[in-house]
Amino acid sequence: MGPERPRRALLSPLPTMFLLPCSALALLLLICLALEPPPRHPSPSNPAFRLFQREFLLGYLPALAADWLQGPLLFQLLQRRGFLRSQIAALYSCGFASNVAFGLVSGVFVDRLGRKKSCVLSSVLCSVSCLLQLSQDFLALAAGRVLAGLGTSLLFSAFESWYIHEHLERHDFPAEWIPNTFSRVALWNSGLAVAAGLVAELLAEGLALGAVAPFLVAVPFLAVSGIFAGKNWDENYGKSRPCSKACGEGLRGLLSDPRALLLGLVQALVDSILLIFAFLWTPVLEPHGIPLGIAFSGFTAASAAGSALFRRGVTGRLRLQPLRLLPGSILLLALALLVLALPMPLPATVDFLAVLLLQLSCGIYFPTMAFLRRRLERGGDRAGGVRWLRLPFSLGVSLVLPALPWDPAGIGRVFGAAALAALVALGAAGGILGTTQGDEGLRVGDEGLLEGDTVE
């Protein structure tokens, strides 16, 4: 198979391509440290709680580390196996589709199977997926992507639901302590994401183990997570309820509130855009010679800086309101996509900064969305309805992705379409702002963010 024409010409010497992401990463980490506000409440000193929290982190954090290790070099691995970009897109689509489709029923599945068993199952599925990356067979790799989608869906549902049940029901700790644990998870998760890119780059290039190395290194982390949870955690279950009833209640709740429907539309559109970006960031940056692992670390640092900006803006002197930050973050997303959609060859610095801007906007967007969802969904469960709303958008992206043109002009058109979708999301966010004027429940009061306001 002949090499495909790169989207951008190399416009800078290789040393610059190494220094660019390294300097951006260092600067962004300094910004995170400077902006991060001090904790508003001291950590609980209860010894039993600290022990329980530590046991949860020891089971959860290795699984998160393994998940991040699989992100930086997947495209490069498949490309070096000789697959065409359309085939690579089909493999990505298998993971996207399985994750979104299973997400509709994952909550009910976890409640019935048992949350501890679901955590262990997540580790097993992701381990098998990583090992299948050793194969050169397309169908085996497709099966691996499907398993990765299922395992990731369980990763981000089973662990947290297990913890909340144990915290409240078995140990009877105060509910106000739950955000302390998830704040620690968020802090560790950001650090693990930055480290994962650097480790992946070191393993693949510095130690010459190839792009499959991060997947193999992820397996021991998954084994530690699964074995630790299986041996040290107690089992718990959720309420047994029919899947159709759970999804139906969420959908009815979503349709009953225009604000929740608009918020769900924003989330569905942005999620679809990020699926496209997850596939395209490598074809954008690799032709420049930018080290992908270090670039990935820069992305995650930019996202962390955006989250720090959100917290500083909401709790600092400016007292910015999430209702206004939501359209602002989406506007930044649209601007980044429009730069990436430009037809003329751009310097590596411009492409890289556009991608960093996109990630910075995501860092502002996600805590903003979490705040608004929690405030709008109090008194009702619309999460199932939001997943139904995401389904057609995400499955549409998964089906269309392999058929898209991958020449330089085609990639630009894809980013242009994503920018239009971002502008539609911006309109929906403006609609939320217009329909919630005067709603004090969606504002941050003088006391600042409440505990758990930005925890999904």
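Predicted model: local features only at pLDDT ≥ 70, side-chain atom pairs only at ≥ 80, totals over all residues.
**View 1. Val266 and its neighbours.** Leaving aside residues up to four places away in sequence, Val266 touches Leu326, Ile330, Tyr365, Met369, Ala425, Ala428, Ala429 and Ile432 (contact: heavy atoms within 4.5 Å). Numbering runs from 1 along each chain as its sequence is written, and side-chain values use heavy atoms, with hydrogens and water left out.

**View 2. The largest nonpolar core.** Here sit 91 residues, and Tyr92, Val266, Phe279, Leu326, Leu337 and Phe352 touch the most other members. A nonpolar core is a set of buried Ala, Val, Leu, Ile, Met, Phe, Trp, Tyr and Cys residues joined through side-chain atoms within 4.5 Å; buried is under 20% relative accessible area, exposed over 50%, partly exposed in between (1.4 Å probe, protein chains only). Helix H11 (residues 258–285) gives the largest share, 14 residues. Helices are DSSP runs of H or I, at least four residues, and strands are E runs of at least two, numbered from the N terminus.

**View 3. The second core.** Phe56, Leu64, Leu147 and Phe159 are among the 26 residues of a separate core.

**View 4. The whole chain, for context.** The protein chain has 16 helices and zero strands. Of its 456 residues, 53% count as buried. Among contacts between residues at least 6 apart in sequence, 87% join residues at least 24 apart.
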